[in-house]
Amino acid sequence: MTMTRAPAAQAGLNKYDTGKPCKNGHRAMRYTQSGTCEGCLRASQQRAQAVHAAGAPERAARKQFALHVVSVAERVPDAQLGSLQTMAEALLSCRFPSLAGLVEFRCNPRPCKAVSGTIQATFLVHVEDRQAFHGLCDNALRAASMIDAHGLAARMESVQ
Ligand SMILES: [Zn+2]
């Protein structure tokens, strides 16, 4: 039995059949309360689900980021701070390619002077890269101190 919304409401029906397709071409029942077609409602629920599902990988990646990325303090040569920051950022981009540009990969350096020529700086690092990154900083320090030693030797020679 086909009817319009008002009589359906008067009859206390929760859905009614107009006998005509909706503006989107659905031949479906309408909800008395809103006049919405069941087909339209289903379509909009499916769209909402698709949007939600599309955001799921990003939400998962953000969760992993929050769980596994730590800030570590390393003593590094002054001159290497920039390249080590870039290195730390690159390591995070490899771990979380989908978050590049969405999440801050770079820790505010807040460097503080330690021994001359070196600074203590904070980096964001994935826990599994912590060891490797520490190694990079160590190598940078060792290389810098070798250069210093050479420079010192050269200076001592020139004094003699
Ligand atoms: Zn419809």
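Start by selecting Tyr16, which is buried because 21 other C-beta atoms lie within 10 Å of its own. The label follows a count of C-beta atoms placed from the backbone: 20 or more others within 10 Å make a residue buried, 12 or fewer make it exposed, and anything in between is partly exposed. Keep in mind that this is a predicted model, where local features need pLDDT of at least 70 and side-chain atom pairs count only at pLDDT 80 or more, while totals for chains, interfaces and linings use all residues. Residues are numbered from 1 along each chain as its sequence is written.

Tyr16 sits in strand β1 (residues 15–16). Helices (H or I, at least four residues) and strands (E, at least two) are DSSP runs, numbered from the N terminus. Now show the contacts of Tyr16; two residues are in contact if their C-beta atoms, placed from the backbone, lie within 7 Å. Leaving out residues up to four places away in sequence, Tyr16 touches Met3, Arg5, Ala8, Met29, Arg30 and Thr32. For a distance check, draw a line from the C-alpha of Tyr16 to that of Gly35: they are 19 residues apart along the chain and separated by 9.0 Å.

Is Arg30 buried or exposed? Arg30 counts as buried, because it has 24 C-beta neighbours inside 10 Å. You will find Arg30 in strand β2 (residues 30–31). Its contacts, not counting residues up to four places away in sequence, are Arg5, Lys15, Tyr16, Thr18, Gly35, Thr36 and Cys37. Arg5 belongs to helix α1 (residues 5–10) and is partly exposed, with 16 other C-beta atoms within 10 Å. Beyond four places in sequence, Arg5 touches Tyr16, Arg30, Thr32 and Gly35.

Now select residues 38–68, which form helix α2.

For contrast, select helix α3 (residues 81–95), whose 15 residues reach 21 Å from first C-alpha to last, close to the 21 Å expected. Its buried residues are Ala88, Leu91 and Leu92. They cover an arc of only 95° around the axis, which puts them on the same side of α3; the arc is taken from the directions from the helix axis to the C-beta atoms. Turn to the other side of α3 to see Gly82, Thr86, Ala90 and Cys94, which are exposed.

Keep Ala88 and Leu92 highlighted: they join Phe123, Leu124 and Val125 as the residues that touch the most other members of the 13-residue largest nonpolar core. Such a core is a set of buried Ala, Val, Leu, Ile, Met, Phe, Trp, Tyr and Cys residues joined through C-beta atoms within 7 Å. Strand β3 (69–77), α3, β5 (118–126) and α4 (130–159) each supply at least two of its residues. The largest share, 4 residues, comes from β5.

Leaving aside neighbours within four places in sequence, Val125 is in contact with Val69, Val70, Val72, Ala88, Leu91, Arg130 and Phe133. Step across to Val72 in strand β3; Val72 and Val125 are 53 residues apart in sequence and 6.9 Å apart in space, C-alpha to C-alpha. Val72 is partly exposed, with 18 other C-beta atoms within 10 Å.

Finally, clear the selection and view the whole chain. It has 4 helices and 5 strands, in the order α-β-β-α-β-α-β-β-α. Buried residues make up 14% of its 160 residues.

Key. The expected span of a helix is 1.5 Å times one less than its number of residues.
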